[in-house]
Amino acid sequence: MKRIEVNTGRPYAVLSEPGLLSRTGELCREMNGGSRVLIVSDTHVGPLYGDRAAASLEAAGYAVSRYLFPAGEASKRLDTVREMYSALAAGSFTRSDLIVALGGGVTGDMAGFAAATYLRGMDFVQIPTSLLAMVDSSVGGKTGVDIPEGKNLVGAFWQPRLVIVDTSTLETLPPAFFTDGVGEIVKYACIRDRELFDLLESGEALTPARLEETVLRCIDCKRGVVERDEREAGERKLLNFGHTLGHALERYYHYEGPTHGCAVAVGMARITAASEARGLTVPGTGERLLRVLKRCGLPADDPANNAALLPGVSMDKKRDGVSIDLVILREIGDACVYRLPLASLAAFLAQESH
């Protein structure tokens with residue numbers, strides 16, 4: 001079993017091993033002494049893995065309840081979290097009890113937000129079953145929901161007590177959702193790991209023999225960034241590479257168009273083309289990125305133009321007054337935050353001179 005320690009204000013471990021889901025109960029018992037568990041999952045993942053997780057937790061002495069919500073980003077809203085609160089209340093949960101998030105990023109974000117806010121804070125455990133959740137959203141303590149005005153605009157920083165990564169769950173992941181997670185892997189390679197980018201270029205990074213290593217590289221990258229900047233005051237903003245335009249693209253299609261990783265891929269390609277045209281990025285970087293996106297089956301563009309996305313960008317969490325922080329690449333493996341007046345963003349993206 002591989003182990004990565006995340007030394008945030010409330011430290012926790014990320015454990016990784018194929019088949020680890022069957023040890024959920026004993027692993028939770030090592031850090032939680034409560035008597036009840038609420039398993040939160042969606043209608044796709046719950047039927048696949050809910051029984052196995054529940055059996056393990058019951059064997060460890062927990063009374064297990066379950067809450068299932070309709071799968072998809074459209075469920076990531078306050079009404080769904082309110083239903084989780086009702087399930088917790090109906091089960092007489094206390095602060096010593098536990099929420100287990102079993103699923104992808106939507107599940108983890110909402111279950112974590114419920115844990116952060118119910119009784120002003122409960123323990124929760126992340127069991128990511130999608131590639132995107134494994135490499136990104138399950139680690140770092142960002143929780144929350146979408147509102148009509150924008151993605152993840154309501155939320156809280158609330159670290160899990162444990163992250164259990166069972167890479168064998170990826171075997172049931174539909175190909176489109178696997179590709180979605182690769183978008184975040186490309187992001188990590190771009191901002192912090194040039195060697196990983198090389199492995200993506202060669203096609204080695206996503207082979208069965210190297211996939212767990214790739215997942216752990218991304219987790220370890222995020223671990224370092226989060227430890228140094230837990231609440232996104234500086235360096236953690238780099239993890240948003242491609243996300244400003246990506247989130248706006250998701251909002252433009254009312255979360256029924258490109259999936260998150262695909263939208264981020266478009267965002268990475270567009271922002272890199274713009275920054276390279278400005279002389280802020282080493283020439284040729286954009287072409288390398290486009291080749292990797294194509295090799296990984298990710299989109300590099302979308303019919304929605306930048307002008308159509310600007311209303312969504314204006315609601316981005318990284319906006320600060322009349323300015324916005326864009327994450328750009330100096331070169332592959334080296335990213336920085338570039339602050340720009342929001343009024344200048346359209347011209348920047350259009351690759352026009354100021």
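Two strands are taken to pair if DSSP finds at least two bridges between them. In the predicted model examined here, strand 2 (residues 12–16) and strand 9 meet this criterion, being joined by 4 bridges and running parallel. Within this pairing, alanine 13 stands opposite leucine 162 in strand 9. Strand 9 (residues 162–165) directs Leu162 and Ile164 one way and Val163 and Val165 the other way, and all of these residues are buried.

Strand 6 itself is mostly covered, with 6 of its 6 residues buried. Asp123, Val125 and Ile127 point one way from this strand, while Phe124, Gln126 and Pro128 point the other way.

Between strand 11 (residues 323–331) and strand 12, the antiparallel pairing extends over 8 bridges, and the bridge partner of isoleucine 328 is cysteine 336 in strand 12.

Helix 13 (residues 345–349) contains leucine 349, which has a relative accessible area of 5% and is therefore buried, the limit for this class being under 20%. The C-alpha atoms of leucine 349 and alanine 273 are 8.3 Å apart in space, although the two residues are 76 residues apart in sequence.

In the pair formed by tyrosine 85 and tyrosine 118, the ring centres are 6.0 Å apart and the planes lie at 20 degrees, so the pair is classed as stacked. This pair links distant parts of the chain, 33 residues apart, with tyrosine 85 in helix 3 (residues 78–90) and tyrosine 118 in the loop between helix 4 (105–117) and strand 6 (123–128). Tyrosine 85 is partly exposed, at a relative accessible area of 24%, whereas tyrosine 118, at 15%, is buried. Charged side chains also lie over aromatic rings: arginine 10 lies over the face of tryptophan 158, at 4.5 Å from the ring centre, and lysine 187 lies over the face of tyrosine 188, at 4.3 Å from the ring centre.

The second largest pocket holds about 220 Å³ of space. Its lining is made up of 16 residues, of which Ile147, Pro148, Arg251, His254 and Tyr255 are the closest to the pocket centre. Strand 7 (142–147), helix 9 (243–252) and helix 12 (306–313) each supply at least two residues of this lining, and helix 12 gives the most, with 4 residues. By class, the lining of the second largest pocket has 9 nonpolar, 5 charged and 2 polar residues.

Note on methods. Residues are numbered from 1 along each chain as its sequence is written. This is a predicted model: local features need pLDDT of at least 70, side-chain atom pairs count only at pLDDT 80 or more; totals for chains, interfaces and linings use all residues. Side-chain values use heavy atoms; hydrogens and water are left out. Rings of Phe, Tyr and Trp (its six-membered ring) pair if their centres lie within 6.5 Å; planes under 30 degrees apart count as stacked, over 60 as edge-to-face and the rest as tilted. Buried means under 20% relative accessible area, exposed over 50%, partly exposed in between (1.4 Å probe, protein chains only). A charge sits over a ring if NZ of Lys or CZ of Arg is within 6 Å of the ring centre and within 35 degrees of the ring normal. On a 1 Å grid over the protein atoms alone, a cavity is a set of points where a 1.4 Å probe fits but cannot get out, and a pocket is an open set with protein on both sides within 12 Å along at least five of seven lines; lining residues have an atom within 4 Å of a point. Grid points are joined across faces, edges and corners, and a volume is the space filled by probe spheres set on the points. Ala, Val, Leu, Ile, Met, Phe, Trp, Tyr, Cys and Pro count as nonpolar, Asp, Glu, Lys and Arg as charged, and the others, Gly among them, as polar.
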